[in-house]
Amino acid sequence: QVLLVESGGGLVQAGGSLNLSCIASGHSDHTFIMGWFRQAPGKERELVAAMDRVNSWQFYVTDRFSISRDNVKNAVFLEMNNLKVEDTAEYYCAADSRKGIRTDTSYEYWGQGTQVIVSS
C-alpha cells in the first residue's frame with residue numbers, strides 16, 4: 001500500500017508562485033509514475049503534470065508548471081509559476097506502479113489533496 005501526503009497549497013495572488021510537495025510511503029515499486037491532478041468545483045479532475053521514475057516522459061498541462069522527483073525520498077514536486085485565477089483547484093498527488101504513459105485518472109494511489117486558491 002502507498003500513502004501519499006501533499007503539502008504546499010495555499011492562497012496566492014495572481015502572478016505569484018507556489019510549490020507543492022508529495023511524499024510517498026511504501027515501496028518505491030508502487031510509484032513508478034507520479035503526477036499531479038487538479039479538480040476545480042464543478043469540473044472534472046484533470047492531469048496537471050506527470051513523469052515516470054526514469055524520466056522517460058513528462059506531461060504538462062501548461063509550461064508555467066514544472067514537475068520534478070526525488071527518487072531517494074520517493075517524492076514528487078510541482079512548481080507553479082505565474083499562477084492564474086483559473087488555476088484555483090484542489091490539487092492531488094497520484095502514483096502508479098505500472099509503466100507506460102498515463103494521462104488519465106486511472107492512477108492506483110491518490111493523496112487527500114491540497115487546496116490552491118489564486119486571487120485576482
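A nonpolar core is a set of buried Ala, Val, Leu, Ile, Met, Phe, Trp, Tyr and Cys residues joined through side-chain atoms within 4.5 Å, where buried means under 20% relative accessible area, exposed means over 50% and partly exposed lies in between, computed with a 1.4 Å probe on protein chains only. The structure is a predicted model, in which local features need pLDDT of at least 70 and side-chain atom pairs count only at pLDDT 80 or more, while totals for chains, interfaces and linings use all residues. Residues are numbered from 1 along each chain as its sequence is written, and side-chain values use heavy atoms, with hydrogens and water left out.

The largest nonpolar core has 26 residues, and those with the most contacts inside it are Leu4, Met34, Trp36, Leu78, Met80 and Tyr91. At least two residues of this core come from each of β3, β4 (33-39), β5 (46-52), β7 (65-70), β8 (75-80), β9 and β11 (114-119), strands being DSSP runs of E with at least two residues, numbered from the N terminus. Apart from this core lies another, of 9 residues, among them Phe32, Leu47, Trp57 and Tyr92. Leaving aside residues up to four places away in sequence, Tyr91 touches Glu6, Leu20, Trp36, Val48, Phe65 and Val116, among others, a contact being heavy atoms within 4.5 Å.

The search of the whole structure finds 1 disulfide, a term that stands for a pair of cysteine sulfur atoms within 2.5 Å. This disulfide joins Cys22 to Cys93, with an S to S distance of 2.1 Å. Because Cys22 lies in strand β3 (residues 18-24) and Cys93 in strand β9 (residues 89-96), the pair ties together parts that are 71 residues apart in sequence. The torsion about the S-S bond is about -80°, so the disulfide is left-handed. Cys22 is buried at a relative accessible area of 0%, and Cys93 is likewise buried at 0%.

Strand β3 also belongs to an open sheet of 4 strands in the order β1-β3-β8-β7, with antiparallel pairing; two strands pair if DSSP finds at least two bridges between them. Because β1 (4-7) and β7 stand at the edges with a single partner strand each, one side of each is left without a neighbour in the sheet. Between the antiparallel strands β1 and β3 there are 4 bridges, and Ser7 stands opposite Ser21 in β3.

Finally, Thr88 has its place in the loop between β8 and β9 and is partly exposed, at 24% relative accessibility. Beyond residues up to four places away in sequence, Thr88 touches Ala40, Val116, Ile117 and Val118.
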